[in-house]
Amino acid sequence: MTPELTRFGEEMSHLTGVRAIMKDIIETLHAGQGKHFINLSAGNPVILPEIEQLWRDCTQELLASPEYGNVVCRYGTSQGYEPLIEAIKTDFNQRYGLELSDRHILITPGSQALYFLAANALGGYQANGRIKDIVLPLSPDYTGYGGISLVPEAVRAYRPTIDVDEATHRFRYRPDFSQLSITADTGFVLFSRPCNPTGNVLSSEDVQQIAGLAAVHNVPVLVDSAYAPPYPALNFTDMEPVFGENILHCMSLSKAGLPGERLGVAIGDPALINVLECFQTNFCIHSSRYGQAIAARAIASGELARLAEQVIRPYYQDKFAVLEAALDQAMPNDLPWYLHNGEGAIFAWLWFDQLPITDQKLYEQLKQVGVIVVPGNPFFPGLRPDQGGPWPHTRQCLRLSLTASREDLVEAATRLGALVSEVYQTQRSPMAVTA
């Protein structure tokens, strides 16, 4: 049977971004016929024993609790499980000196669902036919933002300023405030901090400047804090969440060890929380109450925040240091390769300036030497042709996951260095344009 799809059905029935790449990666692994691949594509967090034990302990507490039947065998409110909301409210008020009430918090089935709710409640076409843009102020950013809107033309991204240190082969993205436009036609602003895929952590001053530009037009700013403190605290540089009247702080517990339970959290103005809650009621009623119940125990006890700082963060920070040193050893010093500063998250981001082939072809050639990465082009959703024409930079980057073993990271860097050296020496292309 071939169903007849609506315009929205057509849009949502296609894989976007990295999900399309992952299909190819799975097929490559299955067709490998026993060949060993170093897989640096994974977004799944490593199962750390201490973190798994925390969730086992919280599950045992729930099973032994008279609350178990009420949690698992009954529907709850669309806003979320009350003890979890209370635990988050208490923790954030104490930790950050806030004055949150219950009505400042919404629990969603993962942060991707949260952005889908926002994208289609606040972005897209209004009743008068006017379109409200979803602004991504710093590109590249999370690939999933490209698929959150039923009106894909509503997503608009802006090129960054790029700071380059040629001597150390490092670089960093910064918002280009001379180009960034937030107007009355903006539905909301969205960015990740720390950033997936680059590891970039926007400064507090940058966040406040973006929020200030948005506040002039009463525009909400959603800060995707899936890697931020207090949990999972995957920041390798000092940072704290930034709060404000028009800022919606968006969390996920996926990288804190619960990706299977799909738990997202929004913290912000009650009027905005109410809009998203109503949307969620119609969309899916509420998030998994089992996941919420064990998360409530982990947060209220303080264990999740403690383990995030003492286990999760050091594990990935060590992995980045291993990969960084391996790349410095393996990559040709005379070629224009650059590693983004490692400020957080669970990925490394590489830029090959004047790359003679596309990132997609480099990805394919890396597979031939047994290394699987993710090409960078899916991480530039929302860039428009009217922003200075094609941008070669979007085809010159790779994302490498830090979830592999230390030994595999070193070996992957060695193979990557040898291949890149060969590519620059033997292939020429009109893509060789400085970004």
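Predicted model: local features only at pLDDT ≥ 70, side-chain atom pairs only at ≥ 80, totals over all residues.
## A walk through the helices and loops

Residues are numbered from 1 along each chain as its sequence is written, and side-chain values use heavy atoms, with hydrogens and water left out.

Back to Thr59, which is found in helix 3. Helices here are DSSP runs of H or I with at least four residues, strands are runs of E with at least two, and both are numbered from the N terminus. Because its relative accessibility is 18%, Thr59 counts as buried; that word means under 20% relative accessible area, while exposed means over 50% and partly exposed is in between, using a 1.4 Å probe and protein chains only.

Leu54, Trp55, Cys58, Thr59, Glu61 and Leu62 in helix 3 meet Tyr290, Ala293, Ile294, Ala295, Arg297 and Ala298 in helix 9. Sorted by class, the residues of this contact between helix 3 and helix 9 come out as nine nonpolar, one polar and two charged. For that sorting, Ala, Val, Leu, Ile, Met, Phe, Trp, Tyr, Cys and Pro count as nonpolar, Asp, Glu, Lys and Arg as charged, and the others, Gly among them, as polar.

How do the helices sit against each other? Two packed helices are described by the angle between their axes and the distance between the axes. Helix 3 and helix 9 pack at an angle of about 110°, with their axes 9 Å apart. That makes helix 3 roughly perpendicular to helix 9. The axes are lines fitted to C-alpha atoms, for helices over the stretch in contact, and the angles run from 0 to 180 degrees between N-to-C directions. Angles of 65 to 115 degrees count as roughly perpendicular, under 35 as roughly parallel, over 145 as roughly antiparallel, and the rest as oblique.

Now follow helix 9 itself, residues 289-300. From first C-alpha to last, its twelve residues reach 16 Å, close to the 16 Å expected at 1.5 Å a residue; the expected span is 1.5 Å times one less than the number of residues. Helix 9 is mostly covered, with nine of its twelve residues buried; among them are Gly291, Gln292, Ala293 and Ile294. The cover over these buried residues includes helix 3 (49-64), helix 4 (68-72), helix 5 (82-96), strand 2 (105-108) and helix 10 (303-330). Look at the two ends as well. At the start, a side-chain oxygen of Ser288 reaches to within 3.5 Å of the backbone nitrogen of Tyr290. After helix 9 comes Gly302, with a positive phi near 85°.

Another crossing pair is helix 6 (residues 111-122) and helix 8 (residues 270-284), whose axes come within 10 Å and cross at roughly 105°. Helix 6 and helix 8 are therefore roughly perpendicular to each other. The contact of helix 6 with helix 8 has twelve nonpolar, two polar and no charged residues. On the helix 6 side you'll find residues including Phe116 and Leu117, and on the helix 8 side residues including Phe279 and Phe283.

Next up is helix 12, residues 406-426. At 1.5 Å a residue its 21 residues should span 30 Å, and the end C-alpha atoms are 31 Å apart, which agrees. Its buried residues, including Leu409, Leu416 and Tyr424, pack against partners including helix 10, strand 13 (347-352) and helix 11 (359-368).

Most residues other than glycine have a negative phi, and most peptide bonds are trans. Yet a cis peptide bond joins Ser139 and Pro140, with omega about 15°, and Pro140 lies in the loop between strand 4 (131-136) and strand 5 (155-157). The bond from Pro229 to Pro230 is cis too, with omega near 10°. Pro230 sits in the loop between strand 9 (221-224) and strand 10 (247-252), and Ala233 lies in the loop between strand 9 and strand 10 as well. Ala233 has a positive phi, near 60°, and counts as buried at 1% relative accessibility. Gln354, in the loop between strand 13 and helix 11, also has a positive phi near 60°, but Gln354 is partly exposed, with a relative accessible area of 34%.

How values were computed:
Contact = heavy atoms within 4.5 Å. Polar contact = N/O pair within 3.5 Å; in protein donor to acceptor, adjacent residues only side chain to side chain.
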